[in-house]
Amino acid sequence: MKAIDLENRALLEATQAGAAELLKLSIADLEDAVSVLSSASLHPVAVHALRSAISLDQAAINTADKPSRDALITQALAQKQAAKDDIV
């Protein structure tokens, strides 16, 4: 999942702006996945986890404090992993 790579890169970003760019790309990727899964009525548990990850990414975009932002990103990564585990 491309979003996981983007999240990991966002964790390495020192600036809020740099992390926000990567998180916006992650959100776009996640929204595509939610759209595909939802339109086919597949993996509702994964869809829920992906929507949660989107919310966490959005919160992280608006978080200036790096430790707090990284905590949100880490939570989003866990939701993405849960979605991946549900699908596989």
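Predicted model: local features only at pLDDT ≥ 70, side-chain atom pairs only at ≥ 80, totals over all residues.
Start with the two ends of the helical part. Helix α1 covers residues 2-12 and helix α4 covers residues 66-87. Their axes come within 10 Å of each other and cross at roughly 165 degrees. An angle over 145 degrees counts as roughly antiparallel, and α1 and α4 are therefore roughly antiparallel to each other. The crossing of α1 past α4 is left-handed. On the α1 side, the contact is made by A3, I4, E7, N8, A10 and L11. On the α4 side, the residues are K66, D70, I73, T74, A76, L77, K80, Q81 and K84. Sorted by class, the residues of this contact are seven nonpolar, three polar and five charged.

Helix α4 also packs against helix α3. The axes of α3 and α4 come within 8 Å and again cross at roughly 165 degrees. By the reasoning used above, α3 and α4 are therefore roughly antiparallel to each other. This crossing, too, is left-handed. From α3, the contact takes in V45, A46, A49, L50, S52, A53, L56, D57, A59 and A60. From α4, it takes in R69, L72, I73, Q75, A76, Q79, K80, A82, A83, D86 and I87. The contact of α3 with α4 has 14 nonpolar, three polar and four charged residues.

Is A46 buried or exposed? Its relative accessible area is 0%, so A46 is buried. Leaving aside residues up to four places away in sequence, A46 touches A83, D86 and I87.

With a relative accessibility of 24%, S52 counts as partly exposed. Along the chain, S52 and Q75 are 23 residues apart, while their C-alpha atoms are separated by 9.3 Å.

Which side chain makes a polar contact with the side chain of D57? The partner is the side chain of S26, at 3.1 Å. Apart from residues up to four places away in sequence, D57 touches E7, L23, S26, I27, L30, A76 and K80. Among these neighbours, E7 lies on the α1 side of the contact with α4, and A76 and K80 lie on the α4 side.

The last stop is the loop between α2, residues 16-39, and α3. Most residues other than glycine have a negative phi. S41, in this loop, has a positive phi, near 55 degrees, and is not a glycine. S41 counts as exposed, at 65% relative accessibility. H43 is found in the loop between α2 and α3 as well. The phi of H43 is also positive, at about 45 degrees, although H43 is not a glycine. With a relative accessible area of 28%, H43 is partly exposed.

Terms used:
Residues numbered from 1 in each chain as written. Heavy atoms only, no water. Axes fitted to C-alpha atoms, helices over the stretch in contact; angles between N-to-C directions. Helix = DSSP H or I, 4+ residues; strand = E, 2+ residues; numbered from the N terminus. Parallel < 35°, antiparallel > 145°, perpendicular 65-115°, else oblique. Left-handed = near helix turned anticlockwise from the far one by under 90°. Contact = heavy atoms within 4.5 Å. Nonpolar A, V, L, I, M, F, W, Y, C, P; charged D, E, K, R; others polar. Polar contact = N/O pair within 3.5 Å; in protein donor to acceptor, adjacent residues only side chain to side chain. Buried < 20%, exposed > 50% of the residue type's maximum accessible area, 1.4 Å probe, protein only.
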